[in-house]
Amino acid sequence: MQRRVGLSTLAVLLGVVILAGAAGAAWQPDKPIEFIAPSGPGGGWDRTARGAQKVLTEEKLVPQPIVVNNVAGGSGAVAISQVMAKRKGDAHLLLAMSPALTFTLALGRAKDPATGKNLTFRDITPIAAVATDYGAIVVRKDSPYRGLKDLLEAYRANPAAVSVAGGSAVGSQDHVKFAKVVKAAGLDATKVKYVPFQGGGEALASLLGGHTVAAAPDISEIAGQVEAGQIRILAVLSDQRLGGVFKDAPTAKEQGVNTNYILWRGFYAAPGLTKEQADYWRETLGKMVKTPSWKKLAADSGWFELFTAGEEFSKFLDEDLTFASTLLKELGLLK
Amino acid sequence: MAEVFSSLAYGFSVALTPANLIWAMVGSVIGTLIGVLPGIGPVSGIAILIPVIYGMNPASAMIMLTAMYYGTMYGGSTTSILVNVPGEASSVVTTLDGYQMARQGRAGAALAIAAIGSFVSGTLSILGLMLFAVPLTTLALKFGPAEYFGLMLLGLSSVTSLAGKSLVKALLSMIFGLMIATIGVDLSTGIARYTFEVPQLLDGIGFLVVAIGLFAVSEVLLAIEELGQARREPIPLGRVWLSWREFAASWWAMIRGTVIGFYIGVLPAAGATIASFISYDVEKRLAKDPSTFGKGDIRGVAAPESANNAAAVGNMVPLMTLGIPGSSTTAIMLGALMMLGVQPGPLMYQKNPDVFWGLIASMYIGNTMLLILNLPLVGLWVKILAIPERILYPLILAVSVIGVYGVSSSTTDLLLACGFGLLGYYMRKHDYPLAPAVLGVVLGGLMEQSLRQALVLSDGSYWILLQRPISLVLVVLSVVSLVSPYLIVAFRKFQGEPQF
């Protein structure tokens, strides 16, 4: 008897859910929403979170106010471990992310507090990528290297002659950007002479000062220097040519090196969200990226248009993580 | 040259509109407040304002942000002088003589010289920025990893000037700071060091946490102990104003502080903190009687406070000429400029002359405003010392804790600050100076990185440090500076002169 009541209640509940879904009001935030920027104020994640907060609020795309909190540390490791420990199933929470998180996960820096196991993208709820930036390989304007081929030839002859400046640690973004290109060209990526700096600005200064031969920045960091003709882009790591000041910069693919480096910016949610809750956020962010104010904000930040959500995004993330882990193993940075 | 001045006149026409004057005022007031509050610094201040400025006219927004940045440099010295708690990293060295002056009833003079020094160095540095930005940038780019290593070494060698009774204790304190600086993900290998699987330690321990612990928490602990025993004498409020003699004594310290600070500020990877330490060191070495330093010598306040302001202006040079941020503060400003639709970089002065020249003109205006704002505040700040310590210190502690937690939302940082507080208490009880530990924390990371970058470039050969002329000079200077106290003593012994 008990059991039959339980089943029929469940049936009724399911019916309600289906009806509600059909009515288009599946789930909506019913209390204030929290966005977490897993970096300090002013960083890239902070700008993603605060930009989305601004556009979603101003365009009235969410029925509740949004607060942005900074939970900095360990390239996202601190925020993700907090979420795993305390916020499972909390649908009023989104966290900004980018490929930096891929490296945090690949290097095993984020662990499940309960089991001590390394986390993957399957342990959280990826929502969507809302914009993107691309990697680039650049040299100084007076460099003898005119194209990517020249630089790779020099690398083939003597890898130690091609010092590469980057604004992140060994085994993280800027290092991997260059290693990825080298690998795609069929050369030995373990020989890359990578010089890590504290931030892209210092890396660029070392390139301009002639202390390093090449650099692997993000496109958004170098618009000013490209425009002024101080640096030459040997390759943009996007699939197609970009517009604006970058319209003359060739892609790596055009030069026969089949690779890219997509610096997507997006959001993830806590694990344990219902499908309706996750879908709500995917749809809401999908509406957000179509608004003119988001487009302007993204362009002003030097970002390009990209929207991918759902299973497509999750699949992309899984591949990205596998690729990063494999490459880091090859580079001897991961056992 | 004439062109520069006509452009500047144009800049003033942008900056002197009533609306922009109000924005400069707002920035100055907020900046001073942020500077005064220990815990929050210019980086978080600007980040908090970024959502506010979005959609503003770019010139007005930047005028407000830079006024705020300089305001924090003015305000940073206040708590260093009054209560021995540095408001910013660049004001740590100000505690040495500033706090002693306050204990002698000369807090007013110390605060006044800090404000005047900031004004003089700010104004001169803006002139430097306007006239020599491009040649200075070229010179700054000559600084590669080897040169930065030399500069950091020189900065560390200033430890000899920070030593109180014992140089050995100062060195131990510095080494402790250097050890703290190794915590976190190592840039050169990507490996996490001394983090014990605690994710909060992956980025290392911030200066703020160390400084709040060592200075503020330990100060409270000492005050508690001494209150019980009624050993602590109340600080005499004394004569508030600066005497002409004190001003004259500080003049050259301010000028030297400006030159040192501005040049170090222009270097993309160095900054206000190292500038303040080096300028203090230089003043102490040049002084006829160095023993007055650390006991309330006004030059010990004038030099670092001028240097840190000059460095803040110098930081703007690579941002404005190259579009490269030289510090975390200018990195945020670069982000703000982009949000406002201005692409910082070599073409900024052509494409956005209103922003470029308006900014330079507004720096003059902001500096004057800050001086006018800060001098009357001196009287007000000094009154803080009249608050009974049993109320004042808990208040400072509360503000500091809010500052630490507000920026990182991390309870780990609070626990660490408590730990450093206990350590600071022990260090003070046993005459270990605190400033060298901060010096180690601030310079250690950059010094290690530069060394290892240099070694990557040279394929492992240490000769790179001596083969490049600038780094050779800097390394030699550091060695001389470290051993000179011993050499002088030995020399005097040899001459049979009386020893001090």
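Biologist: What should I know about the numbering and the model before I start?

Modeller: Residues are numbered from 1 along each chain as its sequence is written, while chains are lettered from A and ligands numbered from 1 in the order in which they are written. The model is predicted: local features need pLDDT of at least 70, side-chain atom pairs count only at pLDDT 80 or more, and totals for chains, interfaces and linings use all residues.

Biologist: How are two packed helices described?

Modeller: By the angle between their axes and the distance between the axes. Helices (H or I, at least four residues) and strands (E, at least two) are DSSP runs, numbered from the N terminus. Axes are lines fitted to C-alpha atoms, for helices over the stretch in contact, and angles run from 0 to 180 degrees between N-to-C directions. In chain B, the axes of helix H11 (residues 244–266) and helix H13 (residues 299–322) come within 6 Å and cross at roughly 30°. That makes H11(B) roughly parallel to H13(B); angles under 35 degrees count as roughly parallel, over 145 as roughly antiparallel, 65 to 115 as roughly perpendicular and the rest as oblique.

Biologist: What is the handedness of the crossing of H11(B) and H13(B)?

Modeller: Right-handed. A crossing is right-handed if the near helix is turned clockwise from the far one by less than a right angle, and left-handed if anticlockwise. The residues of this contact between H11(B) and H13(B) comprise 18 nonpolar, 10 polar and 2 charged. Here Ala, Val, Leu, Ile, Met, Phe, Trp, Tyr, Cys and Pro count as nonpolar, Asp, Glu, Lys and Arg as charged, and the others, Gly among them, as polar.

Biologist: How do H6(B) and H13(B) cross?

Modeller: The axes of helix H6 (residues 107–141) of chain B and H13(B) come within 7 Å, crossing at roughly 30°. H6(B) and H13(B) are therefore roughly parallel, and their crossing is right-handed. The contact of H6(B) with H13(B) has 19 nonpolar, 10 polar and 1 charged residues.

Biologist: Is Ser306(B) buried or exposed?

Modeller: A residue is buried if 20 or more other C-beta atoms lie within 10 Å of its own, exposed if 12 or fewer, and partly exposed in between, with C-beta atoms placed from the backbone. Ser306(B), in helix H13 of chain B, is buried, because 35 other C-beta atoms lie within 10 Å. Residues are in contact if their C-beta atoms, placed from the backbone, lie within 7 Å. Not counting residues up to four places away in sequence, Ser306(B) touches several residues, including Gly117(B), Ser121(B), Met254(B) and Gly261(B). The C-alpha atoms of Ser306(B) and Gly122(B) are 7.6 Å apart, although 184 residues separate the two along the chain.

Biologist: How many residues does each chain give to the contact?

Modeller: Chain B gives 47 residues and chain A gives 45. On the side of chain B, the elements giving two or more residues are helix H3 (42–53), H13, helix H14 (328–339) and helix H19 (435–457). That side has 27 nonpolar, 17 polar and 3 charged residues.

Biologist: What is the strand order in the sheet of 5 strands?

Modeller: Two strands pair if DSSP finds at least two bridges between them. The open sheet of 5 strands in chain A runs S7-S6-S8-S5-S9, with mixed pairing. Strand S7 (193–196) and strand S9 (231–236) of chain A are at the edges, each with a single partner strand, so one side of each has no neighbour in the sheet. Strand S5 (residues 136–140) of chain A and S9(A) run antiparallel, joined by 5 bridges. Val138(A) stands opposite Ile233(A) in S9(A), and Arg140(A) has Ile231(A) as its bridge partner there. In S9(A), 5 of its 6 residues are buried.

Key: Two residues are in contact if their C-beta atoms, placed from the backbone, lie within 7 Å.
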